[in-house]
Amino acid sequence: METPVFKFEPQDYDTVYEPSEDSFLLLDTLEDELEAIKTRKPLLCVEIGPGSGVLIVALEKHLPTGQTHFIGFDINPNACRMTQKTCQLNGSSLDVVNMDLLAGLRSGCVDLLVFNPPYVPTQPTVDSLEEHIDEFHLSGEDQNLVHAWAGGVDGRIVTDRVLDDLDRILSPAGVFYLLLLKENKPEDVLKQMGRKKFRGSIIKERRIRGEHLYVLRIERTRQD
């Protein structure tokens, strides 16, 4: 899948995560998985934290028109606007919602879920990154960018919230593509989800500039 057209203005770089190597790894993975995804005939595709919007727009351009509805959920209003802009630049059709993760979705509705989470391990926090934003010495709109990379303990403070909600929101035949860093302990994530009656595997990995990235595919254990 080609990378959709996107356009950052100078002020956008301070508040919205620019597509980088991790974004392109996930894009390459989705391209590899595209035919398998099509056989699932997804009705609802959701990306958490679309940022620039290149991933969900790429999926919208390559999945059957009229079959799948696409929604991006981002806690950062600037990222929501950027995703809408990318959508318009590429003539795509999708919805963008300014919301924290997936609490607003009804149960069992997501057929295709994609997440490139904030995965950088940061200082331990008690409850949430928002309550400890001063640790990053940022203020105002610059705080929005923190949500794109700061992951708390093991870099999984946000990822674990999604994993805890996966059984509720994923449809019976749904599939979840998740990008993780080596320090996020992807094998532990797979074991954790196995105990929750999910099966998963590492389907792609890449070393880039001191980082070792993995893409996991997670789905429900088949019931015979």
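Figure 1. Helices (H or I, at least four residues) and strands (E, at least two) are DSSP runs, numbered from the N terminus. The buried residues of H1 are Asp22, Ser23, Leu25, Leu26, Leu27, Thr29, Leu30, Glu33, Leu34 and Ile37. Buried means under 20% relative accessible area, exposed over 50%, and partly exposed in between, with a 1.4 Å probe and protein chains only. The model is predicted: local features need pLDDT of at least 70, side-chain atom pairs count only at pLDDT 80 or more, and totals for chains, interfaces and linings use all residues. Residues are numbered from 1 along each chain as its sequence is written, and side-chain values use heavy atoms, with hydrogens and water left out.

**Figure 2. Span and kink of helix H1****.** H1 covers residues 21–40, which makes 20 residues. From its first C-alpha to its last, H1 reaches 28 Å, close to the 28 Å expected at 1.5 Å a residue; the expected span is 1.5 Å times one less than the number of residues. A kink of about 55° is centred on leucine 34, where the bend at a residue is the angle between axes fitted to the seven residues ending there and the seven starting there. Leucine 34 is also one of the buried residues of H1.

**Figure 3. The open sheet of seven strands****.** The strand order is E3-E2-E1-E4-E5-E7-E6, and the pairing is mixed; two strands pair if DSSP finds at least two bridges between them. Strand E3 (95–98) and strand E6 (198–208) stand at the edges with a single partner strand each, so one side of each has no neighbour in the sheet. From one strand to the next, the twist averages 15°. Axes are lines fitted to C-alpha atoms, for helices over the stretch in contact, and angles run from 0 to 180 degrees between N-to-C directions. The chain has six helices and seven strands, and from the N terminus on its elements run α-β-α-β-α-β-β-α-α-β-α-β-β.

**Figure 4. The crossover from E2 through H3 to E3****.** Strands E2 and E3 run parallel and are joined by four bridges. Glycine 72 stands opposite valine 96 in E3. The chain passes from E2 through H3 to E3 in a right-handed β-α-β crossover, meaning that, with the strands pointing away from the viewer, the path from the first strand over the helix to the second runs clockwise. Helix H3 (residues 77–89) lies across strand E2 (69–74) and E3, and runs at about 175° to E3.

**Figure 5. Cysteine 80 in helix H3****.** Cysteine 80 is buried, with a relative accessible area of 7%. Its contacts, leaving aside neighbours within four places in sequence, are Asp74, Val96, Val97 and Asn98. The C-alpha atoms of cysteine 80 and aspartate 95 are separated by 9.5 Å, and the two residues are 15 apart along the chain.

**Figure 6. Pairing of strand E7 with E5 and E6****.** Strand E5 (residues 170–181) pairs with strand E7 (residues 211–220) in the antiparallel sense over seven bridges, and leucine 179 stands opposite valine 215 in E7. E6 and E7 also run antiparallel, joined by ten bridges. Leucine 216 in E7 is the bridge partner of isoleucine 202. E6 and E7 form a hairpin with two residues between them, and arginine 209 in the turn has a positive phi of about 35°.

**Figure 7. Arginine 199 in strand E6****.** With a relative accessible area of 32%, arginine 199 is partly exposed. Leaving aside neighbours within four places in sequence, arginine 199 is in contact with Arg217, Ile218, Glu219, Arg220, Thr221 and Arg222. Arginine 199 and isoleucine 218 are 19 residues apart in sequence and 5.8 Å apart in space, C-alpha to C-alpha.

**Figure 8. Positive phi at leucine 101 and lysine 197****.** Leucine 101 lies in the loop between E3 and E4 and has a phi near 55°. At 11% relative accessibility, leucine 101 counts as buried. Lysine 197, in the loop between helix H6 (186–194) and E6, has a positive phi of about 70° although it is not a glycine. Lysine 197 is exposed, with a relative accessible area of 63%.

How values were computed:
Contact means heavy atoms within 4.5 Å.
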